[in-house]
Amino acid sequence: MMAAPVDIGSLLRTELVEDALYRDEGVCVLGVFGKSAAQAGSAKESLINILADKHIFPLLGAEGEAGGPGGGGSIRAYYSQESRVLYLVLSSVLDSRQLLRACGRLSSGLGHAEAHDFWKGAEKEHCLQLLFLFSLCHVLLLVHPTCSFDITYDRLFRALDALRQKALPLLRGAIKDCPVAKEWKMNCRPCPPRLLFVFQMNGALRVSGGPGLGGNGGDGGGGDKPKKHSPRRRLQHALEDQIYRIFRKSRVLTNQSSNCLFTVPANQAFVYVVPGPDEDPISSLLGQLRANCALRENDAGTPTPGPRRYQQMRHSNRQPSFNVETSGFSSSGGQLVDCTLKEFLWQHVELVLSKKGFDDSVGRNPQPSHFELPTYSKWAQVACRLHQVMIENSEDELSLKVQGQMKVLEGFLDADAKFSENRCQKALPLAHSAYQSNLPHNYTTTVHKNQLAQALRVYSQHARGVAFQRYAVQLHEDCYKFWSNGHQLCEERSLTDQHCVHKFHLLPKPGEKPEMDHNPPILYHNSRGRSTSSCNCGRKQAPREDPFDIQAANYDFYQMLEEKCCSKLERINFPVFQASTPDPAPACDEATRPAEVAPSGDADRLKEKETVTHTPGDSTGLSLALSLGQSTDSLGPYSEGAEGHEKRPSVDRQASTVEYLPGMLHSGCPKGLLPKFSSWSLVKLGPAKAYNSLTGLEQPGFLPGSAFLLPWDVVIRSRSEDDAGSVEALDGGPSSWPAPNKAPAGKRGSSGGVGRGRRRDDVARAYVGFEYEDSRGRRFLSSGPDKIVKVLGQGGAKEPATRALNSDMPLYIPSPAQGRGIKPHYAQLARLFIVVPDAPLEITLSPQVQPGPPPCPVFHPEQAEVVLPPDGLWVLRFPYAYVTDRGPCYPPKENQPLASFRVLKGILRANTATSPPQ
């Protein structure tokens, strides 16, 4: 006999040494399962103690007991060789101790669906363990903590029957080599097990009775005739009828017992109600005292079966005793005596041990069912093989196939998941309709995300339950699949922030032609945006496509127009990359510096500045003021001394002939790199007299009265009147204008005044014009950051260029010819017109553009400073688009201030030219 119960796995792995007296005798396998209430002791384990009349299972549970790996239960075994009964007790999450352990395994942040999967996994594990018991036991005992039948067992047994039918071929293969009879191998069980029910009296039944009846005696009432059966027995009969009716209706029980998951006896009791405790604790104590005294008096001559400590503990725990029960229900009023639990169960066990078996088939032609009483060794071999396949979850092929059959349980056990599945499946078409409503044929990622959010809102209004998240993921996948299957719009944006209108496509390779029928199609980007722009010199206008790359925006379009207009004009070419290898490479991104707002004042920048030479028209290595050591107060907008020169980065270092700059040159680019093409253009329209101040610029597209350049009067001095190379403040500021009726300051100690005619000869008039052009080709000149040139009648512009030269001019201003739409229409700075007079005057051009708020870098031509030769009408064409290594600098949005998009002041600087020695 075993000293203590052990786990079924441990029992099967170790070889049990049986007594020679019992080795060849058959063993009855009794399985116990069910639920337990929230109380200290488990009803299932205490019943085994009662049946064996020994303290086998601890009432408070074993300290080392643990559940299964998935939060489920375990099967513990106890083998009583004397009585030839093997007890198998199943503990699961339906027991309070196992439920607490399973709750401890759940993490705090577990979602609803994950927690549901955890509990359903434990329930499926419980079903597999139940099927293990139903495949090995002769008698099964279902223990329930109340005296009412739990209807959910009907669904559970139907699920087990379906699982058994699915797994039966696999189980046959598992035990085909075991030393048991053919019927056992065919049906995978020793016999159709008989199921018995044990209910606990929980106070639902209240009757008054005499002492010693424990509340379960005869009916009260003085004149009533006593009943033949006690209330407890009548309750047992009622439960039997109810259970049999339910199982017959659901076809869990049929006429042929061999086809059923289990059987119930037709002419024997299969329900037992354990009497509950008394309500009055004092009466209970007195009853126990009388029972103990009765035991002493009656059994004085014979030893008490079992230890006295266990007998007293059973009484103190108010568990029914066989002796007390037998004496407590002796008939004094004509009632039949109620049997004990051991008597109730042993009549079924005796049928097994006597090898009679169960004849539970009913109907007109009942078919006998198979029955086999194995020895323990034979039973252990079958149980070991089934345990490997059903419980251990090994990597064996049969075990994996049995686990794959667990899906059949979902339709029976997971009713809430089934409801959730149906609910979510109905919500999916509604969500799909919400996603596809008002959709264009092709759309971008932003539209896709917005529609998907709308679809998820509709889905969340209708979907419920544990399948919510899974179907939400499916909705994501369905919407993405719909979008990517021919509805995905090209995500590329033009340099003017317009989307490509083509669906997802590939770009043609060099020399490859566009191909619409290819999947995906091979096409050039196109936003269907068209604008009108002028050529480099401004004399010819032509429509242009919305550009998607910097070369098309700032070079190719102007090169096309140059062949028709400006090809024969004199120009100053900016330096570009000259390859010394047949396969030059673009500069690596690691070489680029972080973008800056503007070049900062570093000492080395000033030293580099001293090496700058101006070509063409090189008259001085530096401005004369610096070369002669004079004060820099006369340098206009750069009167801060060295800081003014720091704003012009040096590019005179030896340029690389191996690596080229992939984008445009700006303050954040590494030194010594040049682009393959210049985004700027500087051409000469003709001599200074080509501009007529009375008629203005005679070019197409200008608004009426806005084609007049602003006059810029620069004071000139001859060598005889001042030091060689002296410089006035030639930036057009107030200091450059001579005081009325006063001669310009000459040498110290000079005498004599200069007449009015002399003053006119000392002033040279240049003309400057900042030209803006909108997308419709309408052009106009600006005289300040917020003012448009407007000349009425003859005479030209009267306002000087002082304000425009001393201010940061905006890169974008609102067009004076706004369209009908609400969105503002901007004009962009396109050209700078400079009329350099035929005079001893040197005008230096150094444009710097910051096309966005900080940290946007400052863009400048490949030659930072260009000295314009005298007697010429020069046109500087600004880039159409500005691009950094981080992407394009888009035109301003409605909520962005235009002052952040600017051309830095100091774009022009005037110096007097030194006369060559005679």
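**Entry 1: charges over rings**

I began with K676, which lies over the face of Y660, at 4.4 Å from the ring centre. The term has cut-offs: a charge sits over a ring if NZ of Lys or CZ of Arg is within 6 Å of the ring centre and within 35 degrees of the ring normal. I then looked up R544 and found its charged end over the ring of Y880, 3.9 Å from the centre.

**Entry 2: what kind of model this is**

I noted that this is a predicted model, where local features need pLDDT of at least 70, side-chain atom pairs count only at pLDDT 80 or more, and totals for chains, interfaces and linings use all residues. Residues are numbered from 1 along each chain as its sequence is written, and side-chain values use heavy atoms, with hydrogens and water left out.

**Entry 3: the whole chain**

I looked up the protein chain and found 23 helices and 28 strands. Both are DSSP runs numbered from the N terminus (helices are H or I with at least four residues, strands are E with at least two). Of the 918 residues in the protein chain, 48% are buried. Buried means under 20% relative accessible area, exposed over 50%, and partly exposed in between, using a 1.4 Å probe and protein chains only. I also checked contacts (heavy atoms within 4.5 Å). Among those in the protein chain between residues at least 6 apart in sequence, 75% join residues at least 24 apart.

**Entry 4: aromatic pairs**

How many aromatic pairs does the structure hold? I found 31. Rings of Phe, Tyr and Trp (its six-membered ring) pair if their centres lie within 6.5 Å; planes under 30 degrees apart count as stacked, over 60 as edge-to-face and the rest as tilted. The Y78 and Y87 rings have centres 6.4 Å apart and planes at 25°, so I wrote them down as stacked. Y78 and Y87 are both buried. The rings of Y772 and F780 are stacked too, because their centres are 5.9 Å apart and their planes are at 15°. Y772 and F780 are both buried.

I also found ring pairs that link a cluster, with F33, F134, F149, Y153 and F157 among its members.

I found F149 in the loop between strand 5 (139–144) and helix 5. Is F149 buried or exposed? F149 is buried, with a relative accessible area of 12%. Leaving out residues up to four places away in sequence, F149 touches F197, F199, L239, Q242, I243, I246 and F247. I243 is 94 residues from F149 along the chain, yet their C-alpha atoms are separated by 7.4 Å.

**Entry 5: helix 5 and its partners**

I looked at helix 4 (residues 112–134) and helix 5, which pack at an angle of about 70° with axes 10 Å apart. Axes are lines fitted to C-alpha atoms, for helices over the stretch in contact, and angles run from 0 to 180 degrees between N-to-C directions. Helix 4 is therefore roughly perpendicular to helix 5 (angles of 65 to 115 degrees; under 35 is roughly parallel, over 145 roughly antiparallel, the rest oblique). Residues making the contact include F134 of helix 4 and F157 of helix 5.

Helix 5 (residues 152–174) also packs with helix 13 (residues 397–404), at about 160° and with axes 10 Å apart. L170, G173 and A174 in helix 5 meet L398, K401 and V402 in helix 13.
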